[in-house]
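My notes follow in the order in which I made them.

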Amino acid sequence: MKVTLAYNLKRKDQTKPADYFSEYDSDQTINAIITALQRKGHAVEAIDVGTPNLFTYFRKNSVDMVFNIAEGKSSKFRESEVPAVLDYLNIPYTGSDTFSLALALNKALTKKLLKAENIPTPNFQVFLKGNEELNPDLKFPLIVKPNREGSAKGINTSCVVSTKEMLFNKIKEIMNIYNQEVLVEEFIAGRELTVGILENGKTTILPILEIDFSTCKDSGEYFYSWRMKEYQGNKELGLVPTFHCPARIDKTTEELIRDVALKTHRAVGCFGISRTDIRLSQDNIPYVLEINPLPGLNPLESNLPIMAYAAGMQYEDLIEAILASASERKRKN
Ligand SMILES: Nc1ncnc2c1ncn2[C@@H]1O[C@H](COP(=O)(O)OP(=O)(O)O)[C@@H](O)[C@H]1O
Ligand SMILES: [Mg+2]
């Protein structure tokens, strides 16, 4: 098959904020996907969607399938920008469609849907202006985050607040920097879990990954903050979380979590691949934080490949499974 890998390349640019390119992919990830696709016998072309005119590119080049990892530019729906172009040109692509990508990028809207489906998610409030009254039902500590980002952009230890004053200062700060509405939710103390789902004809829930931050105490970080993700594995900074895959949970809890992740995947209408981030509270409730239809695919560091390895898959099997799901959909349509 002729496959075009559509990506946004991570760059270094001192004039931009440190987390500006965090959502984008490194050379290492892009090369790993290209090599995996080639090993599986596909002809691969790769394009940085930030540079060419996409309409011109896809009109000029015949493409059987796009392997989509593009995170888009900066619109409200950035993760669905490239799929929207592909839908318009009737070109098939891997993973979730335009609608699900736009929905999942909007954490608050996704949480409204989860609540309606009786899927546990932390209680929350959205701040559009920054001076709204705080809902008195919300219990401190609260965590403040941009509503439409990923890679924990804007999320650091100072986002966990215990007073109204801290809360409103943080809301204003995030609103100014990220130029978008702010999501405030109850901070769930407990285990950090993430669940990967693959669909290629059959649905596979990968072994649950638990990320344990107790080994990062000296760093001052205690959850999956931006610093933790950006510098993951850096011993000097003390940012070496411990990965447990499968997670250290009993069978009943495991079943509960698998069920919650699959329900989330279905509710958001994800396709082919997703990763659902969960905090398991001390009273054993799996609270869904968000679902990622474009989970990171770095072969060494990203959560989803780690889960695939625990399931006995090689990196190229994972990439081929993602591609196969899209081919399956193409046949059905
Ligand atoms: N309500 C919460 N309770 C506890 N930890 C949270 C909560 N929200 C976010 N976090 C922490 O911040 C991390 C990033 O938040 P998340 O909502 O998944 O954003 P992103 O899309 O940037 O990954 C989570 O993996 C978790 O460690
Ligand atoms: Mg997350």
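I started with N118, which I found in the loop between α5 (107–116) and β4. Helices here are DSSP runs of H or I with at least four residues, strands are runs of E with at least two, and both are numbered from the N terminus. The model is predicted, so I kept to its limits: local features need pLDDT of at least 70, side-chain atom pairs count only at pLDDT 80 or more, and totals for chains, interfaces and linings use all residues. Residues are numbered from 1 along each chain as its sequence is written, while chains are lettered from A and ligands numbered from 1 in the order in which they are written.

I checked the phi of N118: the angle is positive, about 60°, although N118 is not a glycine. Is N118 buried or exposed? N118 counts as exposed because it has 7 C-beta neighbours inside 10 Å. The classes count other C-beta atoms within 10 Å of the residue's own, placed from the backbone: 20 or more is buried, 12 or fewer is exposed, and in between is partly exposed.

I then turned to N284, also not a glycine, and read a positive phi near 70°. N284 sits in the loop between β12 (273–281) and β13 (286–292). With 14 other C-beta atoms within 10 Å, N284 is partly exposed.

Next I looked at peptide bonds. Which bond joins F140 and P141? That bond is cis, with omega about 0°. I placed P141 in the loop between β4 (124–127) and β5 (142–146).

I noted a cis peptide bond between C245 and P246 as well, with omega about 5°. P246 belongs to the loop between β11 (242–244) and α8 (251–268).
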